[in-house]
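Reader: I'm new to this one. Could you show it to me and walk me through its charged pairs?

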Amino acid sequence: MIKSNTKLHNRDLYLNRLIAFQDTEPVKVITGIRRCGKSSLMKLMARHLRNNGITDEQVIEINFESMEFRGMSSEALYQYVKDHLPVSKRAYLFLDEVQRVERWEDAINSFRIDFDCDIYVTGSNTYLLSSEYATYLAGRIVEIKILPLSFREFIDFHGYTVRETKNPAGGIRKRIYDAGGDSYEPGELLTAYMKFGGMPGIADVGLDTDKVFTLLDGVYSTVVVRDILEREKRRSQRQITNSELLRKIIMFLADNIGNTTSITSIGNTLMDEKLLDSNRRKGIPAVQTIQAYVGALVESFVFYEIKRFDIKSKEYLRTLGKYYIVDIGLRNYLLGLRDMDIGHIIENIVYFELLRRGYDVAIGKIGDKEVDFIATNTNEKMYIQVTESMNNSATREREISPLLKISDNYEKLVIAGNCDNPVTQDGIKIIKLTDFLLGG
């Protein structure tokens, strides 16, 4: 029996971005780590079209992970689309994991030139937007970056709803309800989110540790094998040949989210912890080698790099950036549910929430102190500190003091996992993590 369509959950944040570019010239490129929902987003867009007057014959959908299209050449892809074009109507092309077609960029460019069509493609690494593709279509693409589920999406995908009521003091109180009417504090669902992460497929297996980690093992294996090692085989000059070294670097970065990191320090630490074999340290891989491995992980959206920015000199610094992992559940799968570094986990979650909301994010340096995040977009800027708790005076002083050193009048914010007294202090707003995550 052919698999029928599964239930599609709304992902309005990304769908609305796609709709905004509907019927415009640029090719819409949806990027993100495998299984974060790119295929489902294309199906949501196709459904939106059909619900708004576009006929089935106008929608051409191809998933290159299906055996039906495996091994298709760019010439065969061109002919397939040509044979399925509607008569005297615009076509809407949805090409899923298009990078599996050799010289696919030739076909895409020909579609633009030869056919009346609106083109949507997905890919699981940033290589899709580089090399030949950039040359062919420079200035004619728009990238829609998709991430695993936000906390609010996690609540929705797992069948919960958020309701707001006024508390006796006049503030807003949020409670979360399941389908049976039982209610929960937001912190209870946040604990599950911090454990299992936001890969959409988890909603299909339930919040069971063994099942979730089996699913995440599949994500990890697919990313490493298909998007890194397999891609390297297709490149003329292979740089990444040691799967064991790749695994060790993944483990190192996962264990050091939110810590300042350099390429040199990765090699040195792997040596010091005897994770690399050597004879008098001659076994340390070259800096260029480790850079290539880390670069491949960034290209495949497993890790995101964040740069440091000197607030006084208004310059980006070249050294000691940080890496965050795209999904906390993936980190827990890799490292196990041992003593979790809650502070850095919260930091990781806030970083990706800021990306979802359209901010560019950097680490702030002000004198000898650090601000966790500077978040900017076209209209605003925020300075943000993130901490596990704000319930003791020493922590409050530590988190607030860097913000007080900043002389401009942009918003300053402390986001705390635990905070018994969320107030505004010296012009700095202190907010609970759950309120921040549910407020976007």
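**Salt bridges, pair by pair**

Author: Lysine 307 is partly exposed, at a relative accessible area of 38%, where buried means under 20%, exposed over 50% and partly exposed in between (1.4 Å probe, protein chains only). This is a predicted model, where local features need pLDDT of at least 70, side-chain atom pairs count only at pLDDT 80 or more, and totals for chains, interfaces and linings use all residues. Residues are numbered from 1 along each chain as its sequence is written, and side-chain values use heavy atoms, leaving out hydrogens and water.

Reader: Which residue does lysine 307 meet in a salt bridge?

Author: A salt bridge puts a side-chain nitrogen of Lys or Arg within 4 Å of a carboxyl oxygen of Asp or Glu. Here the N to O distance is 3.1 Å, and the partner of lysine 307 is glutamate 305.

Reader: Is lysine 322 buried or exposed?

Author: Lysine 322 has a salt bridge to glutamate 370, with the closest N and O atoms 2.8 Å apart. Glutamate 370 is partly exposed at 27%. With a relative accessible area of 3%, lysine 322 is buried.

Reader: How many residues apart in sequence are the parts that arginine 112 and glutamate 25 tie together?

Author: Their closest N and O atoms are 3.2 Å apart, in a salt bridge. Arginine 112 is partly exposed at 22%, while glutamate 25 is exposed at 56%. Arginine 112 sits in helix 4 and glutamate 25 in the loop between helix 1 and strand 1, so the parts they tie together are separated in sequence by 87 residues.

Terms used
Helices (H or I, at least four residues) and strands (E, at least two) are DSSP runs, numbered from the N terminus.
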